[in-house]
Amino acid sequence: MSYLFRSLLTATAFAGIAVGATIGAQAAQKAGGTRRVAIEYRDLSGTQDLSSTPWVSHTKQFRLWEEGKPAGLLIQELAENGNPEFVLGTAISDPKTFLDAAVALPSLPGKGRRVVVKVDAEHPLVSGGWMLGHTNDGFAGIEGVDAYKLTKPMTIEVYALDAGTEKNTEKKEDAAGLGGLGRIPENGVISRHTGVRGDADIAASFKFDPAKPIGRVTITPLK
Ligand SMILES: [Ca+2]
């Protein structure tokens, strides 16, 4: 069973562990206190399921991903398998770089969820995203957005990305959304996704327009 669908079964227990885990609270208090921000995200494709979705707050030195560069293991696991645990585990194990982490349950097409994370002056940036459930290694999200300085809600429209780690065979054996555990390495870089072809096992009904935003993320500062 792929991670994506295993996670659907175990998501409740998992979320109970990870949601709202404050990592560097003592460090934050020394730096002058924390602020809470709500992150709401929603699928705009209408066709793609969203995986479990990790969110982290972090320093300006950390990059979760960068377009034009190879994806690290954190994004590879998220984009290929819908697995948020590498992002979350990295955050939990490095309280200097990360202040807070949260994870949201999977979502259906057209839907989304809301999480709350803490930010502070040392960890002002928020990053996170989800696997496009019916792709080989498609994902979307935000990366390195300064949420600490916000005084009003900010909305960002995001585009589908290809992690560049797995070839887009769209075959059942390689598609986590179809229970496939296989992968053919792509050895590429993170770039804009070219869309689902629908000419193999991933059905044409999962197509989306790669020229249009695939998700909307709103960050709202809380009192
Ligand atoms: Ca790919």
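This is a predicted model: local features need pLDDT of at least 70, side-chain atom pairs count only at pLDDT 80 or more; totals for chains, interfaces and linings use all residues.

1. Most residues other than glycine have a negative phi. Glu-170 is buried, because 20 other C-beta atoms lie within 10 Å and the cut-off for a buried residue is 20 or more.

2. Asn-187 is also found in the loop between E9 and E10. Phi of Asn-187 is positive, near 55 degrees, and this residue is likewise not glycine. Asn-187 has 9 C-beta neighbours inside 10 Å and therefore counts as exposed, the limit for that class being 12 or fewer.

3. Helix H3 (residues 73-81) is largely enclosed by the rest of the structure, because 8 of its 9 residues are buried. The buried residues are Leu-74, Ile-75, Gln-76, Glu-77, Leu-78, Ala-79, Glu-80 and Asn-81. Just after H3, Gly-82 adopts a positive phi of about 65 degrees.

4. An open sheet is formed by 4 strands in the order E5-E2-E11-E8, with antiparallel pairing. Strand E5 (112-119) and strand E8 (154-158) are the edge strands, each pairing on one side only. From one strand to the next, the twist averages 20 degrees.

5. Within this sheet, strand E2 (residues 35-43) pairs with strand E11 (residues 215-221) over 7 bridges, in the antiparallel sense. Val-37 has Pro-221 as its bridge partner in E11.

Key: Residues are numbered from 1 along each chain as its sequence is written. Helices (H or I, at least four residues) and strands (E, at least two) are DSSP runs, numbered from the N terminus. Two strands pair if DSSP finds at least two bridges between them. Axes are lines fitted to C-alpha atoms, for helices over the stretch in contact, and angles run from 0 to 180 degrees between N-to-C directions.
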